[in-house]
Amino acid sequence: MAVKYIPYFPNTLDGQAILDNFVRTKRVLRYRDNAQVVERIERGMPLYEMEQKERIGVNPNHNMVIRGECLSACAYLKDKGIQVDLVYIDPPFASGADYAKKVYIRRNPKVAEAIAQAEKELDVEELKAFEEKMYGDVWDKERYLNWMYENLMAIKSVMSDEASIYVHLDWHIGHYVKILLDEIFGEDNFRNEIIWHYADYMQGNATNALPKKHDNIFFYSKQDTYYYERITEKLDTPVKRNRVVWNGETKTLEVARDADGKIIYETFNEKYLDSVWDIGQTAVTRKTSGEYLGYATQKPEAVLDRIIKASSKEGMLVADFFGGSGVTAAVANKLGRNFVHCDIGINSIQTTRDRLLADKAEFDVLEIQDGVSLFRNPVQTMDKLKSLIKGLRNEDSLDKFWEGSIVDTKYGMMPVYLPNLMDSSTRLLDKPLMNRIIREALPDLPDETKRVIVYYIDITDKQEIEQFIKEQNDQTTIEIELRDLKQVLDDVVVEDEAEWEVSETHDALWTGWKVELKSFHSDRVLRKIEEVNLKGQQQALQQKAKGKEKEFKPITISDEGLETIEWVSLDCTNADKQAPWHSDTEIKIDRLGYVIRNGKKAQEFWDASIKCDSKPLRMRIRNICGDETIYLI
């Protein structure tokens, strides 16, 4: 359960258009016995314990990188009295797409020197790789709008009076969210619709419509007075034109003249920005931009540079509650602003942490303790759950409300409900949700259904819910069994295995400690590789059957398994496995096998070791899929 709930509902704005095809956060509870409609207003944002996982630098400005949901992050900020001066969010676009991370097998450091020469001739695309799901942007419209409404209301509650918000979307759902923003912030506080045009994006032939090459960014202020600074961009070619001055008496713009009445001309090398921005996509221009990190939804720093310069000044707090690759935090740090980065996916937290470390930023890495042990991200956790719930299978005959079914000798087919880990509103099992199950979901089940299983993460009061089921579920003979999903989630994360040797060196060149990795085995990574190989073999057989034989090269891992390591860090400060991490030294291995030492790139292959000045107490290893394990040395 949450520690407490933080209220966050302001008064409804008068005179605003209301988008009326979803129920917002007021869920209707109708009882069979009477016609009375009882509305339960959400108690507020759930506040959970916040655990400090790591501190980078001294962090006097209290910069934060938070793993958790927007709603809970806002509850934490509000409880601490922290107000945000500028918000940029790039939430899911309801595009129906699955986004994946490209995972590269690193080089085996035991044979790195032998392949150094071959590296010069190697095509990067030939590197062995596979894809891992990051998140699924698949929503029905009503659920998406409910989810966005809650998040936007929560964000508004932590914005300072002079704050602004920029909401980045595209054609899929942006027009709906624009109406929500009018309702929440007031259409009088709508400032701009910014069109980010990316001419470098290749979108096939687009023969039946115009190519879609822009995103929409909606800019709102919280109230009439807000911070804003006009920003300029350089002109490709300087322009010479007459100077214009303001006549305060007539309140008009007039042409400036000198003492002799001649028009004054001047050369302009820059112009004020308008609401159409031509900026190339980071992913497309990665070879020239140098900033692309391989993150599926990464946005260019140039977009955030304009937003942050326009709507904040040095020392202000900038927040991104769907932080992704960390571009908002990175640009805010470079421009002397403080930052809050929040995201639910571990890949986002790791990418942002490493990015900020390279930029010499100082910050805390925090994690919301909401009882949900996520496996990398919500999508992969949901997939993992399906394999961990014994007997759960897909069932095409069931409505999408049910995740699948379990077959039991006594009860037959038992439909199974799982809360959606992408949608925080489904995590709490309360009367309105149970009422929906009883009134809407149960009647549509096959006649032979005897029992259903309802998993929950959080519950208002189990006895109260069970009593509610007894009172209301008298229209069917279907039993409802409640199960705590957290017990299954606890089994999601399994630690990787590693072997190493520690040695101390005293010589004229260097004095210190060295940890050499001997072997590393990740069952999760190996299973993923087996899955990819099996799929590749099946595709090769299908092509062969069509007379299009194509050689399939399976991904292979050495006995040592060291090529499945992405990052290693040593803590020479804390010996307690549960204490916040202190990275005294760290190395990251890029996809070509080169070392990035403490955020600085080096032109050398990794030799399977890491050095430090003091005696190492703990070691932390991240595998190529993003799972991290801490070992006591």
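This is a predicted model: local features need pLDDT of at least 70, side-chain atom pairs count only at pLDDT 80 or more; totals for chains, interfaces and linings use all residues.
Residues are counted from 1 along each chain as its sequence is written, and side-chain values rest on heavy atoms, with hydrogens and water left out. Local features need pLDDT of at least 70 and side-chain atom pairs count only at pLDDT 80 or more, while totals for chains, interfaces and linings use all residues.

**View 1. Helices H10 and H11 packed together.** On the H10 side, the contact (heavy atoms within 4.5 Å) uses Lys-431, Met-434, Asn-435, Ile-438 and Arg-439. H11 brings Glu-464, Ile-465, Phe-468, Ile-469 and Gln-472.

**View 2. An open sheet of six strands.** Reading across, the order is E32-E31-E30-E29-E34-E35, with antiparallel pairing (two strands pair if DSSP finds at least two bridges between them). E32 and E35 (628–632) sit at the edges with a single partner strand each, so one side of each has no neighbour in the sheet. On average, neighbouring strands are turned by 20 degrees against each other, direction ignored. Helix H8 (residues 346–358) packs on this sheet, touching E29, E30, E34 and E35. The direction of H8 makes about 115 degrees with that of E30.

**View 3. The hairpin of E31 and E32.** Zoom in on E31 (residues 594–597) and E32 (residues 600–605), an antiparallel pair held over three bridges. Tyr-594 stands opposite Phe-605, and Arg-597 stands opposite Lys-600. Two residues lie between the strands, and Asn-598 takes a positive phi near 50 degrees.

**View 4. Inside the largest nonpolar core.** Such a core is a set of buried Ala, Val, Leu, Ile, Met, Phe, Trp, Tyr and Cys residues joined through side-chain atoms within 4.5 Å; buried means under 20% relative accessible area, with a 1.4 Å probe and protein chains only. Helix H3 (residues 141–157) gives the largest share, nine residues. Leaving aside neighbours within four places in sequence, Val-177 is in contact with Tyr-144, Leu-145, Met-148, Leu-152, Val-167 and Leu-169.

Methods: Axes are lines fitted to C-alpha atoms, for helices over the stretch in contact, and angles run from 0 to 180 degrees between N-to-C directions. Helices (H or I, at least four residues) and strands (E, at least two) are DSSP runs, numbered from the N terminus. Buried means under 20% relative accessible area, exposed over 50%, partly exposed in between (1.4 Å probe, protein chains only).
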